[in-house]
Amino acid sequence: MVSATDNSLSSLHIERKLEIAAPIQTTFEALLEQIGPGSTLPDGTPLPMKLEAWPGGRWFRDLGENAGHLWGHVQVIKPPALIEIIGPLFMSYPVMSHVQYRLIEKGDATTLQFLHRATGHIDPSHAENVVPGWEYILEQVKQRAEHQFKRTVNNLLQTKPGDD
């Protein structure tokens, strides 16, 4: 038996811009760490993710023992300035997302422009929680990058000529 119902499609469109006090390469590395092995939930619970950082590479949640969830594939990667991912992300139902992380160098600082667009049968609870979720992830990228840059600068300042 086949039945047809009116399952209207919905969409998401989220844009954020974040100023990060760290160089573009440091910020890019922090981004890869945050959306990969360093991923956590807001309560600090690890969210084991893997990102194969090449065109066509998978982005997935690794539960071990060959179990997990495919979130998407790398559509574009141009280190250290751009990553685009397409796929269902955290939504396990008919939906397609496009996520873009664009990094723009501004001296020793970086602007991270974030865009998430999705269309499909989006669960209202996901639509409600996606904005705070992305804001948490982006803030973690900023904190990682700025912390790493400060550590690098402090190490350079502590190194004296002839100490190597």
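The model is a predicted one, so local features are taken at pLDDT of at least 70 and side-chain atom pairs at pLDDT 80 or more, while totals for chains, interfaces and linings use all residues. Residues are numbered from 1 along each chain as its sequence is written, and side-chain values use heavy atoms, leaving out hydrogens and water.

Let us start inside. In soluble globular proteins, nonpolar side chains tend to be buried together. A nonpolar core here is a set of buried Ala, Val, Leu, Ile, Met, Phe, Trp, Tyr and Cys residues joined through side-chain atoms within 4.5 Å. Buried means under 20% relative accessible area, exposed means over 50%, and partly exposed lies in between, using a 1.4 Å probe and protein chains only. The largest such core has 35 residues, and those with the most contacts inside it are Trp59, Tyr101, Leu112, Phe114 and Trp134. Among the elements that each supply at least two residues of this core are strand 1 (10–20), helix 1 (24–34), strand 4 (67–78), strand 6 (95–106), strand 7 (109–120) and helix 2 (124–158). Helices (H or I, at least four residues) and strands (E, at least two) are DSSP runs, numbered from the N terminus. Helix 2 gives the most to the core, with 6 residues. For a close-up, pick Leu112: leaving aside residues up to four places away in sequence, Leu112 touches residues including Leu18, Ile20, Tyr101, Leu138 and Val141, where contact means heavy atoms within 4.5 Å.

Now follow helix 2 itself. Its 35 residues reach 52 Å from the first C-alpha to the last, close to the 51 Å expected at 1.5 Å a residue; the expected span is 1.5 Å times one less than the number of residues. Helix 2 bends by about 40 degrees at Val130, and Pro132 follows within four residues. The bend is the angle between axes fitted to the seven residues ending at a position and the seven starting there. Val130 is one of the buried residues of helix 2, along with Trp134, Leu138 and Phe149 among others. Their cover includes strand 1, helix 1, strand 3 (58–64), strand 6 and strand 7.

Most residues other than glycine have a negative phi, and most peptide bonds are trans. The bond from Pro79 to Pro80 is cis, with omega near -5 degrees, and Pro80 sits in the loop between strand 4 and strand 5. Asn66, in the loop between strand 3 and strand 4, has a positive phi of about 60 degrees and is exposed, with a relative accessible area of 86%. Leu89, in the loop between strand 5 and strand 6, has a phi near 55 degrees, but Leu89 is buried at 3%.

Finally, look at the rings. Rings of Phe, Tyr and Trp (its six-membered ring) pair if their centres lie within 6.5 Å; planes under 30 degrees apart count as stacked, over 60 as edge-to-face and the rest as tilted. The count comes to 4 aromatic pairs. Trp59 and Trp71 have ring centres 5.3 Å apart and planes at 70 degrees, so they are edge-to-face. This pair links strand 3 with strand 4, 12 residues apart, and Trp59 and Trp71 are both buried. Tyr101 and Phe114 have centres 5.4 Å apart and planes at 55 degrees, so this pair is tilted. Tyr101 in strand 6 and Phe114 in strand 7 are 13 residues apart, and both are buried. Trp59 and Trp71 also form one aromatic cluster with Phe90.
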